Amino acid sequence: MTPDESVVKASVLIESAIQYRSILHGLDRRRIKVYRVYYSKSFSFISNVCLVILFILPFFEWPSSLTRSSYLGNSVVRPVVPCGVLEGIETICLSVFLVRGVLLAYLFWREEFLRNKWLVGQFVVLAISFFDLLTSISTGCSEFYRVRRFFRPYFLISGSQMLKKTIKCLWNTLPELLGFVLLLMLWILSATVVAMCLFSGPLRQKSHYSATGQFYKSDRGGLGWLYETFYNLIVLLTTANHPDVILPNYSENRAAAFFDIAFLAVGTYIFMNIFTAIMYNQFRGYLFSSVHKRIFRRRVAVRAAFEVLKSQDPVPVVQTDKVLQLLEETSLPGWKKSAISTKLMTQYEGGSVDLTEFMDLFRLLDLSSSLKTPTLVRQFNNPVALRIQSFCISNLCRRVELFVSLVNVFCIILQLVAFEDADKPSFTFLIINTCFATLYVIENGVRLWVHGWRNSLCMPLTLFDLCVSFGNLALRLYELGLIACGARGVGSEHWSPYDFGQLANLLVILHTLRFMQISNLMTSMLFKMPHHLAPVLGVLISFYYVYALLGFSLFHGTIEHPTNGSTDSNETYVCGTYQQLNYWSINFDDFAASIFTLWSLMVLNNWHVIVRAFTDKIGRWVHIYMVSWWFIASVILLTLITAMIIESFLFARQLHTRQADLLQLRERRRTNAPRLAAVSGSRFCNDNHCGRLIDDDGMEELLPSAELSADHNSSSAAAAAETEDILITSPSNTVAFSFAQMFSGGFEEPTNEELVRHLQRHAALGGLVSR
């Protein structure tokens, strides 16, 4: 059945509701076609591929990072990509983003387009990029500084709603933190003056090594001494130079310890922790507001869909067949379509729905996880086979498998530390490890037999186990064959049997990691964490990209190794310096090396050594770059990542507890409902194999279930009432929740007046709105 025009328009609006998009765009036939193309999976895939290509281009652009090592002492010849190749690839990628921007601009009216600053900014960035690209081609690709590279993260940020909101939240948070930052700087400045007074006065060094102290007053003194002391205390605040910075003075006089303890106790353990609390509290408040606006945008889109589908009766309603057609036209997952249609047919008895019922029906868009997929097992009539099957799907079998894997890991550790080296692999341990590898293959074979091979191949964890187990056995047999043949090396790298054994050991560790699923809460956290941290990680990646390019442009070739023609090749380096510590691989000579250098600065261990090396070469203005990176990456963004992890864990634990309570409620209902007893013995056939449903604990599951989204303020009783028909994931499964769900607590449903006021801004829908 061909859907009518109203259903097509409503499906576009529901698509916007699913993705929290704005509905302030045209709804005529041409714009709907453009909408379908712009948000299609194929076009999104092409755009994402182009974005990835733009981000990895600096690894290939001159000077390329295609060398084995970044060590400055190595004489390497960097590969040079012919002029025009990378530029042609970049032109194609920029053209895709130009087409994407034009399509999106066509969707909006002129007023809305000019109001969308991110979209207007994208055209400005594209204009700069194309101009700089033409300049590169005209100069034969010989220019070192390429402005367009710094604008590439803009395409990443402008294409993600959450990244844009995260940037906006950070921007709104920074002014409120300015007062605290000034207070922290005042504390460091006060400590600087105290240190200058103490360590040039009563606690000054009098021994022959006084010139090596960080607080030593040089002959020049003056503002340079003030600045050096101030900088050393900033480094001390990160504890990167502790106790080195204070040790010379402490060796002369124990009283220096009082200054060290007071400064670190107040600065590091009080001020910085207060900064963490203030930073996340302010950011979290803005993030709550942003997420609530996204949910409001979803409600507006659903209300707009109702206005398009409603009848002309005195009390407007939407017919059931139109709702079902609407669901078929959208890209909703099948389980969400099933949940909405089930509620439509049961709670509303398949009749027409009014505005309140329509809005309540599509609140199911907030569901964050699919129906529980039961595990299929084969049906056996043999009592012995049934007992073996029951054991194989029980938690006891999992614990036995974990114990066997841990014994194998212990054997590997014993082999590495006591009985083997690269020249003489232990044949005894090789036989033991081969036996374990064979046991893993047998274990997977039994799993295939228990579940059936078709059902097993549909389980990602089983596929992972199969690949790891067969790879492990193949490497063990290959290692055994090399030893039996007396081969010492294979291939251009001359890999020895020992090397193949180490690869097999890595597969054993991977096989053991799968038992993390025993802790369901931790498993859910680990698998969902990248998604929840995506907004902050996206900002961090963008800063990494821009700062790496900036450091690469500013400090390329600053440090030279003595073997490469430096004048200090015969010098004896001072202990603790960049040169003496052999930090030659940490530099900004190519893009990949710049990223690792920034990582080393962010980790903070000995970061002052790196800063000192570049300061000695080109001056103190390097501190602007290095200290700003410390503040942005280590203080702000890593603080937010830590806080987001804590927030995710607390929310997951609360949701896990709520689901456990709901499961107990379901069990009580099951006990009190004898009519369900007949269902427990039901059988079904799938792919010509009869089977039955079990849950992950080996218990038979009467009905599949799903969990409904909940906020921090939802009580168990209210949640149970809301989810009576569409229910609960067992706590034995992964707890699923979305980023928006974490920050949707306290959201108040918009009033009808608020929705109408927003819809009246839409040129095509303003006249349809009923109050």
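Contacts between residues 24 or more positions apart make up 77% of the contacts in the protein chain that have a separation of 6 or more, where contact means heavy atoms within 4.5 Å. The model is predicted: local features need pLDDT of at least 70, side-chain atom pairs count only at pLDDT 80 or more, and totals for chains, interfaces and linings use all residues. Residues are numbered from 1 along each chain as its sequence is written, and side-chain values use heavy atoms, with hydrogens and water left out.

The protein chain holds 27 helices and three strands; helices (H or I, at least four residues) and strands (E, at least two) are DSSP runs, numbered from the N terminus. Of its 771 residues, 47% count as buried. Buried means under 20% relative accessible area, exposed over 50%, and partly exposed in between, with a 1.4 Å probe and protein chains only.

Helix 23 covers residues 607-618. Its twelve residues should span 16 Å at 1.5 Å a residue, and the end C-alpha atoms are 17 Å apart, which agrees; the expected span is 1.5 Å times one less than the number of residues. Buried residues in helix 23 are Trp607, His608, Val609, Ile610, Val611, Ala613, Phe614 and Thr615. Just after this helix, glycine 619 adopts a positive phi of about 110°.

Two packed helices are described by the angle between their axes and the distance between the axes. Axes here are lines fitted to C-alpha atoms, for helices over the stretch in contact, and angles run from 0 to 180 degrees between N-to-C directions. Angles under 35 degrees count as roughly parallel, over 145 as roughly antiparallel, 65 to 115 as roughly perpendicular and the rest as oblique. Helix 22 (residues 591-603) packs against helix 23 at about 125°, with the axes 8 Å apart; the two helices are therefore oblique to each other. Thr597, Ser600 and Leu601 of helix 22 meet Trp607, Ile610 and Val611 of helix 23 in this contact.

Helix 11 (residues 256-309) and helix 27 (residues 752-759) have axes that come within 10 Å and cross at roughly 75°. These two helices are therefore roughly perpendicular to each other. Among the residues making the contact are Phe296 and Arg299 of helix 11 and Asn752 and Glu754 of helix 27.

Trp607 also belongs to a cluster linked by ring pairs, together with Phe180, Trp187, Phe259, Phe263, Phe271, Phe275, Trp630 and Phe631. Rings of Phe, Tyr and Trp (its six-membered ring) pair if their centres lie within 6.5 Å, and by this rule the count comes to 34 aromatic pairs.

Asparagine 472 lies in helix 19 (residues 460-485) and is buried, at 2% relative accessible area. Leaving aside residues up to four places away in sequence, asparagine 472 touches Ala437, Tyr440, Ala504, Leu507 and Val508.

Leucine 503, in helix 20 (residues 497-513), is partly exposed at 31% relative accessibility. Between leucine 503 and glycine 471 there are 32 residues of sequence separation and 9.5 Å in space, C-alpha to C-alpha. Leucine 526 is placed in helix 21 (residues 520-555) and is partly exposed, with a relative accessible area of 46%. Leucine 526 stands 9.8 Å from phenylalanine 649, C-alpha to C-alpha, although they are 123 residues apart in sequence.

Technical notes: Rings of Phe, Tyr and Trp (its six-membered ring) pair if their centres lie within 6.5 Å; planes under 30 degrees apart count as stacked, over 60 as edge-to-face and the rest as tilted.
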